[in-house]
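Please open the structure in a viewer and follow the stops below in order. Each stop says what to select next and what is there.

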Amino acid sequence: MTSAPLAARLTRVSGPLFFPVTAYGPGGGLDLDVFRAHVRGGVEAGAAAVFACCGTGEFHALTPQEFGACVAAAVEECAGRVPVVAGAGYGTALAVQYARLAEEAGADGLLAMPPYLVVADQAGLFRHYSELAAATSLDVIVYQRDNAVLTPETAVALARVDGIIGFKDGLGDLDLMQRIVSAVRSAGLDTLYFNGLPTAELTGPAYRGIGITLYSSAVFCFAPDIALAFHRALASGDDALANRLLDGFFVPLVELRNQGRGYAVSLVKAGVRLGGLHVGEVRPPLSEPDPGHVEQLAVLIERGRALLAADADADASGAGFGAAGTGAAGVGA
């Protein structure tokens, strides 16, 4: 944990937000050495923050002991270079327990995932997130998706709660998000917003249009060079490169991801393995992706890198296209 406020460290970032997968060994138990390598590779590749044990990190599949060990390992590997945010979920009592484990492990903040199973009303959601924020000294980002959808009025009320610094949207309702942003702004409050949709790059231009520039990048887990190149193109206004990557890589990736349930996690983990880092398979109830789909993912990654290489060649010849990515083989590889 660092002394600088989390909100300040996330206000202006130069790279995507990294949600590492959780590594398992051949017997299915945690492999903290591989997990450390994965986190370390992401930080060295240019991640702006590490969100450990969240959705991509299979929070749902971890015991409290495993959760605490993974968060502590992420904190040690980051060594204050970038903030570490840990997941917290289930019902209020368990979410508080995970929050305290994250605080003990040295995390800088929490990503508060939706309460388990139940569909709560707005008063219940407000109480849940307020109690979670009061349970530790950690800053909290509220994750809106599935059964946790906020009205603009509830978002304003939560933005007034000490310790709640932002909202991550995994719903994709831009009309609702614009009304939330406007309501919070009209109330004179300052908060952070995150695009948390799977393969968030696909909707990055649309979210940027309503002022939401922070986003989580699953692609950064297995192709940081592609993810960074897109992030830089989007931030710098290089629409030509951003559109080439959208059309040639991200749109086909989303179409592939939509071929199977759980692919937002399992296909990402397969991508990390393609890069040479043996992070193991996903735990039940998720299943491994179809081998043919993994082969398609490998082809897509090569296509994305070919787009970057073509862009670099054009730039070298004076055509003025955007800068190329890092060329890395994959985070932690």
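This is a predicted model: local features need pLDDT of at least 70, side-chain atom pairs count only at pLDDT 80 or more; totals for chains, interfaces and linings use all residues.

## First stop: an exposed loop

Leu117 is placed in the loop between β4 (109–112) and α5 (122–135).

Leu117 is not a glycine, yet its phi is positive, at about 70°. Most residues other than glycine have a negative phi.

## Second stop: another positive phi, and a cis bond

Which value does phi take in Ala79? It is near 50°, again positive in a residue other than glycine. Ala79 is to be found in the loop between α3 and β3 (84–88). With a relative accessible area of 58%, Ala79 is exposed.

Go next to Pro284 and Pro285 and show the backbone atoms. The peptide bond that leads from Pro284 to Pro285 is cis, its omega being near 10°. Most peptide bonds are trans. Pro285 belongs to the loop between α12 and α13.

Begin with Lys269 and Glu58, whose side chains form one of them, with an N to O distance of 2.7 Å. What does this pair tie together? Lys269 is part of helix α12 (residues 263–274), while Glu58 sits in the loop between β2 (49–52) and α3 (64–78), so the bridge ties together parts that are 211 residues apart in sequence. Are the two residues buried or exposed? Lys269 and Glu58 are both buried.

Then select Glu66 and Arg283. These residues form a salt bridge in which the closest N and O atoms are 2.9 Å apart. Glu66 lies in helix α3 and Arg283 in the loop between α12 and α13 (291–316), so parts 217 residues apart in sequence are tied together by this pair. Glu66 has a relative accessibility of 16% and counts as buried, because the cut-off is under 20%. Arg283, at 15% relative accessibility, counts as buried too.

Move to helix α7 (residues 174–186) and show the side chains of Arg179 and Asp175. A salt bridge joins Arg179 to Asp175, with 3.0 Å between the closest N and O atoms. The two residues are 4 apart in the helix, so about one helical turn separates them. Arg179 is partly exposed, with a relative accessible area of 42%.

In helix α7, select Ser186 as well. Ser186 counts as exposed, at 67% relative accessibility. From Ser186, draw a distance to Arg208. These residues are 22 apart along the chain, and their C-alpha atoms are separated by 19 Å.

Hide the surface and turn to the nonpolar residues. How many residues does the largest nonpolar core have? This core has 114 residues, and Leu17, Val50, Phe51 and Phe222 are those with the most contacts inside it. Colour helix α11 (residues 239–257): this helix gives the most to the core, with 8 residues.

## Last stop: aromatic rings

The structure holds 10 aromatic pairs. Select Phe249 and Phe250 and look at their rings. The ring centres are 4.9 Å apart and the planes stand at 85°, so Phe249 and Phe250 form an edge-to-face pair, for which the planes must be over 60 degrees apart. Phe249 and Phe250 are both buried.

Next, show Phe59, Phe67, Tyr90 and Tyr98, which ring pairs link into a cluster.

Finish with Tyr143 and Lys168. Lys168 is placed over the face of Tyr143, 4.4 Å from the ring centre.

Definitions and conventions
Residues are numbered from 1 along each chain as its sequence is written. Side-chain values use heavy atoms; hydrogens and water are left out. A nonpolar core is a set of buried Ala, Val, Leu, Ile, Met, Phe, Trp, Tyr and Cys residues joined through side-chain atoms within 4.5 Å. Buried means under 20% relative accessible area, exposed over 50%, partly exposed in between (1.4 Å probe, protein chains only). Rings of Phe, Tyr and Trp (its six-membered ring) pair if their centres lie within 6.5 Å; planes under 30 degrees apart count as stacked, over 60 as edge-to-face and the rest as tilted. A charge sits over a ring if NZ of Lys or CZ of Arg is within 6 Å of the ring centre and within 35 degrees of the ring normal. A salt bridge is a side-chain nitrogen of Lys or Arg within 4 Å of a carboxyl oxygen of Asp or Glu.
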